[in-house]
Amino acid sequence: MENTLSTTTDKVFLYDVIGAQFDTIGSKALAVKKMLNDYFPKNDYLRRLGVCVFEAEANLAIHTIHGGSIEVMIFSDRVRITAKDDGPGMKDMKKALTPGFSTAPESARQLGFGGGVGLNNIKRFADYFYIESSKKGTTLIFEVWNDDDPTTH
Amino acid sequence: MKIDKICEITAAEIIQPIGRKDVDIRYAFAADLMSDTLFIIMRDDEPLLLITGVTNTSVVRTAIILDIPAIMIVRGKQVPEQTIELAKENEILVLRSSNIMFVTCGLLYQAGLEGSPWKIR
């Protein structure tokens, strides 16, 4: 298996995340996990994916102005997630990837989020991780590979 | 450790009883930061109790994502109806103890519940 970003799949699902709405954080991640159970009925794999999507969703809900989207692409051996928003972007990428660094408002922290570990959690569990950010928005792409498939890794 | 035993040890009540009441809990994890809770993902499928002071719906969603069958709310906090409803829909048991988190953890650890194993992948 080449580690390139293939686009040959017709199994693409799109989820919208509303910005500055903290009390529904995790609802899209749950929907994604339930949907993926039909394709990859394996607890450990779905937990890894679910956690990554949960963190991406929390970032969109907490740090964006207008929210964003989560695109789920399903391949035979992996799932690719693309989380996109239109701003305001990360001022300092290096800091944003430092565990414990957070710009989340107190209202998000009171709900148990914004501890500055989200992106690192995704990096830790994903097999592919890419992020770019500017004032115009942030694009986060990650893949979680199904370890059952001997052609991965 | 059975749910009834956990309640007895921590003087807890079951405030959402729909779920796996016969589950045999082996591990526990305590946190008020849900992202920290998401750190325990690499555990095996052994049943785990999540101990927290967070009462909003995100705690239930975290439990569902991690296949956690039961949540223990500490400090006797009131739990919003939406949280109970979401837990009921997804068959996540919700317990409540008036003890603080430290005491709750201490009592359960002393009684033999193990801390959740986790590792950095």
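1. A nonpolar core is taken here as a set of buried Ala, Val, Leu, Ile, Met, Phe, Trp, Tyr and Cys residues joined through C-beta atoms within 7 Å. A residue is buried if 20 or more other C-beta atoms lie within 10 Å of its own, exposed if 12 or fewer, and partly exposed in between, with C-beta atoms placed from the backbone. The largest such core has 76 residues, and those with the most contacts inside it are C52(A), A70(B), I71(B) and M72(B). Helix α2 of chain A (residues 43-63) gives the most to this core, namely 11 residues. In soluble globular proteins, nonpolar side chains tend to be buried together.

2. The model is predicted: local features need pLDDT of at least 70 and side-chain atom pairs count only at pLDDT 80 or more, whereas totals for chains, interfaces and linings use all residues. Residues are numbered from 1 along each chain as its sequence is written, and chains are lettered from A and ligands numbered from 1 in the order in which they are written. Helices (H or I, at least four residues) and strands (E, at least two) are DSSP runs, numbered from the N terminus.

3. The sheet of chain A is open and has five strands in the order β1-β2-β3-β5-β4, with antiparallel pairing; two strands pair if DSSP finds at least two bridges between them. Its edge strands are β1 and β4 of chain A, each of which pairs on one side only. From one strand to the next, the twist averages 10°, where axes are lines fitted to C-alpha atoms, for helices over the stretch in contact, and angles run from 0 to 180 degrees between N-to-C directions. Seven bridges join β3(A) to β5(A), which run antiparallel, and A83(A) stands opposite L140(A) in β5(A). Helix α2(A) packs on this sheet, touching β1, β2 (68-74), β3 and β5 of chain A, and its direction makes about 5° with that of β3(A).

4. In chain B, six strands form an open sheet in the order β1-β5-β4-β3-β2-β6, and the pairing is mixed. The edge strands, each pairing on one side only, are β1 (12-16) and β6 (114-115) of chain B. Strand β2(B) (residues 27-30) is joined to β6(B) by two bridges, and these strands run parallel; A28(B) stands opposite G115(B) in β6(B). Helix α4(B) (residues 81-89) packs on the sheet, touching β1 and β5 (93-97) of chain B, with its direction at about 75° to that of β1(B).

5. Strand β3(B) (residues 48-52) and β4(B) pair in the parallel sense over four bridges, and L49(B) stands opposite A70(B) in β4(B). Leaving aside its neighbours within four places in sequence, I71(B) is in contact with L50(B), T52(B), V59(B), A63(B), I92(B), V94(B) and L95(B); contact requires C-beta atoms, placed from the backbone, to lie within 7 Å.

6. The contact between the chains takes 23 residues from chain A and 22 residues from chain B. On the side of chain A that touches chain B, α1 (27-36), α2 and α5 (118-125) of chain A each supply at least two residues. The largest share of that side, seven residues, comes from α2(A). By class, it has nine nonpolar, eight polar and six charged residues; Ala, Val, Leu, Ile, Met, Phe, Trp, Tyr, Cys and Pro count as nonpolar, Asp, Glu, Lys and Arg as charged, and the others, Gly among them, as polar.

7. In helix α5(A), the residues G118(A), L119(A), N121(A), I122(A) and F125(A) are buried. They cover an arc of only 160° around the axis, which puts them on the same side of α5(A); the arc is that of the directions from the helix axis to the C-beta atoms. The buried residues of α5(A) pack against α2, α3 (93-96), β4 (128-134) and β5 (137-145) of chain A together with α2 (34-37) of chain B.

8. A cis peptide bond joins G87(A) and P88(A), with omega about 15°, and P88(A) lies in the loop between β3 (78-85) and α3 of chain A. A20(A), although not a glycine, has a positive phi of about 55°; its place is in the loop between β1 (12-17) and α1 of chain A. E91(B), likewise not a glycine, has a positive phi of about 55° and lies in the loop between α4 and β5 of chain B.

Definitions and conventions: Two residues are in contact if their C-beta atoms, placed from the backbone, lie within 7 Å.
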